[in-house]
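Please open the structure in a viewer and keep the sequence beside it.

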Amino acid sequence: MTRAFLFIFIVLVSMFSYADRYKILFMNYPTLLINGKAVKVGDVFDDNAVVRWSKERQAMRVFNLNKKKQILMVAHAVDPKGNSISDILTANKHLSTHSSSLKTSPNVLRLLSSMFEKQYDLMDTIVVNSPISLSENKYFQASYYYGDSRITKRLSSNGNDVYIDRTLFNIDGRQLEPRDVTIDIDFIDETNSTYAFVCAGVEIFVVPEKF
């Protein structure tokens with residue numbers, strides 16, 4: 001009996017030691033319950049937690065203490081009983097050097113078409129790493145419908161990093177109200193007059209910075 005209890009205890013300790021732990025860095029709404037208790041910035045919880053959101057698009061930015069990386073958790077659907085961490089992470093959808101022309105490099109085209117996720121939660125800045133080094137003459141552009149207007153916007157970049165942020169809605173000096181949009185992405189290389197379709201139907205889910 002003692003050995004069986006000891007074995008169960010060791011298993012439970014091992015499971016707990018491998019559970020990811022998260023520290024809250026930011027919340028866009030002050031009321032948030034985790035495991036039935038109100039939490040605040042700086043609090044820590046683990047993989048077994050159940051989150052009770054107050055409203056859709058409520059979000060918290062957390063730091064995974066095990067993996068040493070930040071994650072944005074968003075309420076895509078509010079369950080009165082709460083959402084498990086695995087449910088939240090599953091719902092949140094928050095990549096070589098190119099030396100030849102895209103016209104003769106189908107492998108690079110395949111890399112480009114797979115580098116973007118199908119859906120992003122947009123609160124501040126999303127960074128996507130490109131297999132191609134970008135410059136003033138090599139860049140990605142996004143196109144989307146805003147009402148009845150078809151808008152095309154160059155995505156800013158630095159080196160191999162492509163940025164998707166709220167400047168997506170800065171058009172001709174005007175700041176449009178950010179809203180959920182579905183974007184199509186193309187790659188432009190002006191140095192050899194190359195225009196390449198990358199992907200279609202990338203959903204941008206706008207998360208408010210605060211309510």
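## First stop: strand 1 and its partners

Select strand 1 and strand 6: the two pair in the antiparallel sense over five bridges. Strands (E, at least two residues) and helices (H or I, at least four residues) are DSSP runs, numbered from the N terminus, and two strands pair if DSSP finds at least two bridges between them. Within this pair, Tyr 22 stands opposite Asn 64 of strand 6.

A word on the model is needed before continuing. It is a predicted model, in which local features need pLDDT of at least 70 and side-chain atom pairs count only at pLDDT 80 or more, while totals for chains, interfaces and linings use all residues. Residues are numbered from 1 along each chain as its sequence is written, and side-chain values use heavy atoms, with hydrogens and water left out.

## The whole protein

Of its 211 residues, 38% count as buried, where buried means under 20% relative accessible area, exposed over 50%, and partly exposed in between (1.4 Å probe, protein chains only). A surface view shows an accessible surface of about 12,300 Å², of which 53% belongs to carbon and sulfur atoms; such areas come from the Shrake-Rupley method with a 1.4 Å probe, and for residues only the protein chains shown count as cover.

Next, colour by pLDDT, the predictor's confidence in each residue, from 0 to 100. The average is 84, and 84% of the residues score at least 70. Over residues 95–104 the pLDDT is below 50, and this stretch has 24 contacts in the model beyond near neighbours in sequence. Contact means heavy atoms within 4.5 Å.

Then move to Gln 58, in the loop between strand 5 (50–52) and strand 6 (59–64). Is Gln 58 buried or exposed? Gln 58 counts as buried because its relative accessibility is 1%. Not counting residues up to four places away in sequence, Gln 58 touches several residues, including Asn 28, Trp 53, Met 73 and Phe 211.

## The nonpolar cores

In soluble globular proteins, nonpolar side chains tend to be buried together. A nonpolar core is a set of buried Ala, Val, Leu, Ile, Met, Phe, Trp, Tyr and Cys residues joined through side-chain atoms within 4.5 Å. Select Phe 116, Phe 140, Tyr 144, Phe 169 and Ile 183, which touch the most other members of the largest nonpolar core, a set of 32 residues. Among the elements that give two or more residues to this core are helix 3 (106–114), strand 11 (138–146) and strand 17 (181–189). The largest share, six residues, comes from strand 18. Apart from this core lies another, of 17 residues, among them Ile 24, Val 62, Ile 71 and Ala 75.

## Strands 10, 13 and 14

Select strand 10 and strand 14, which run antiparallel and are joined by five bridges. Thr 125 stands opposite Asp 165 of strand 14. Two bridges also join strand 13 (residues 157–158) to strand 14, and Ser 157 stands opposite Val 162. The hairpin of strand 13 and strand 14 has two residues between the strands, and in it Gly 159 takes a positive phi near 65°.

## Last stop: Arg 154

Finally, select Arg 154 in strand 12 (residues 149–154). Arg 154 is partly exposed, because its relative accessible area is 33%. Its C-alpha atom is separated by 6.2 Å from that of Phe 140, 14 residues apart along the chain. The side chain of Arg 154 reaches the backbone oxygen of Ser 135 at 3.4 Å, and one of its polar atoms lies 2.9 Å from the backbone oxygen of Glu 136.

Conventions: Polar contact = N/O pair within 3.5 Å; in protein donor to acceptor, adjacent residues only side chain to side chain.
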